[in-house]
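Me: Could you walk me through this structure slowly? I am new to reading models like this one.

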Amino acid sequence: MNTGLQGHKGRKNPFYKSVSFAANGIYMALKTERNVRIHAVISVLVLIAGWILNLTQIEWLFIFLSIGVTISLELVNSALERAVDLATEEYHLLAKQAKDMAAGAVLFFSFISIIIGLVIFVPRLMELIWT
Ligand SMILES: Nc1ncnc2c1ncn2[C@@H]1O[C@H](COP(=O)(O)OP(=O)(O)OP(=O)(O)O)[C@@H](O)[C@H]1O
């Protein structure tokens with residue numbers, strides 16, 4: 001009986017294999033999902049800006065948290081889109097709600113990330129301009 005703890009072929013996968021499946025998931029999302037790529041590019045630009053502006057430890061923590069949560073939500077959203085498409089090819093109100101709510105989670109946290117970015121970067125840029 002498959003208890004749900006076993007891998008695809010009935011055996012529990014070794015840890016390194018689970019990590020490699022997860023890394024493949026990130027690679028597939030980057031390859032196939034435009035929004036994941038956009039967030040990845042923005043994240044790299046924010047990291048470069050943070051490095052140039054010499055952020056404090058606490059500012060870096062907020063930046064890494066924002067990037068991490070946003071990209072993680074993008075991955076979960078992409079996974080849910082695929083699961084819904086696998087479940088039905090027909091139009092279904094629940095399918096629409098599931099996809100739109102998952103997309104809403106990404107949008108919601110993106111707004112929070114923008115606010116965090118503004119709170120951190122605007123004073124730094126003002127400092128640069130006025131000094
Ligand atoms: N099976 C379905 N039944 C009802 N509505 C659906 C279904 N599949 C998708 N939708 C809705 O159609 C719209 C477009 O969804 P779709 O998955 O094609 O792309 P998307 O949400 O723009 O995301 P992405 O661009 O990342 O693929 C969304 O509002 C979604 O909720």
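Reply: What follows goes from the overall fold to the helices, then the annotated sites and the ligand. This is a predicted model, in which local features need pLDDT of at least 70 and side-chain atom pairs count only at pLDDT 80 or more, while totals for chains, interfaces and linings use all residues. Residues are numbered from 1 along each chain as its sequence is written.

Me: OK, how many helices and strands does the chain have?
Reply: The chain has four helices and zero strands, and from the N terminus its elements run α-α-α-α. Here helices (H or I, at least four residues) and strands (E, at least two) are DSSP runs, numbered from the N terminus.

Me: And is the chain spread out or compact?
Reply: The chain is more spread out than a compact globule, because its radius of gyration is 19 Å, well over the 14 Å that the globule rule gives for 131 residues. That radius is taken over C-alpha atoms, and the rule is 2.2 Å times the number of residues to the power 0.38. Along its principal axes, the C-alpha trace spans about 70 × 40 × 25 Å.

Me: How much of it is buried?
Reply: Of the 131 residues, 8% count as buried. A residue is buried if 20 or more other C-beta atoms, placed from the backbone, lie within 10 Å of its own, exposed if 12 or fewer, and partly exposed in between.

Me: Which residues of α3 are buried, and what covers them?
Reply: The buried residues of α3 are Ile 63, Ser 66, Glu 74 and Asn 77, and what covers them includes α2 and α4. The helix α3 has 31 residues and reaches 45 Å from its first C-alpha to its last, close to the 45 Å expected at 1.5 Å a residue, where the expected span is 1.5 Å times one less than the number of residues.

Me: What about α1, then?
Reply: One of the 18 residues of α1 is buried, so this helix lies largely in the open.

Me: Switching topic, which residues does UniProt list for "binding site"?
Reply: The unreviewed UniProt entry lists Glu 33 and Glu 81. Although they are spread over 49 residues of sequence, they cluster in space, with a largest C-alpha distance of 10.9 Å. UniProt positions are given in the numbering used here, feature names are shortened, and annotations may be inferred rather than shown by experiment.

Me: Where do those two sit?
Reply: Glu 33 lies in the loop between α1 (15-32) and α2 (34-52), whereas Glu 81 is in helix α3 (residues 57-87). Glu 33 is partly exposed because it has 17 other C-beta atoms within 10 Å, and Glu 81 is partly exposed with 16.

Me: Which residues surround the ligand?
Reply: Asn 35, Glu 81, Thr 88, Tyr 91, His 92, Ala 95, Lys 96, Lys 99, Asp 100 and Ala 103 surround the ligand, where a residue counts as near if its C-beta atom, placed from the backbone, lies within 6 Å. Helix α4 (residues 93-130) gives the largest share of this shell, five residues.

Me: Last one, what is the phi of Asn 54?
Reply: Asn 54 has a positive phi of about 55 degrees although it is not a glycine. Most residues other than glycine have a negative phi. Asn 54 is found in the loop between α2 and α3, and it counts as exposed because it has 8 C-beta neighbours inside 10 Å.

Note on methods. Two residues are in contact if their C-beta atoms, placed from the backbone, lie within 7 Å.
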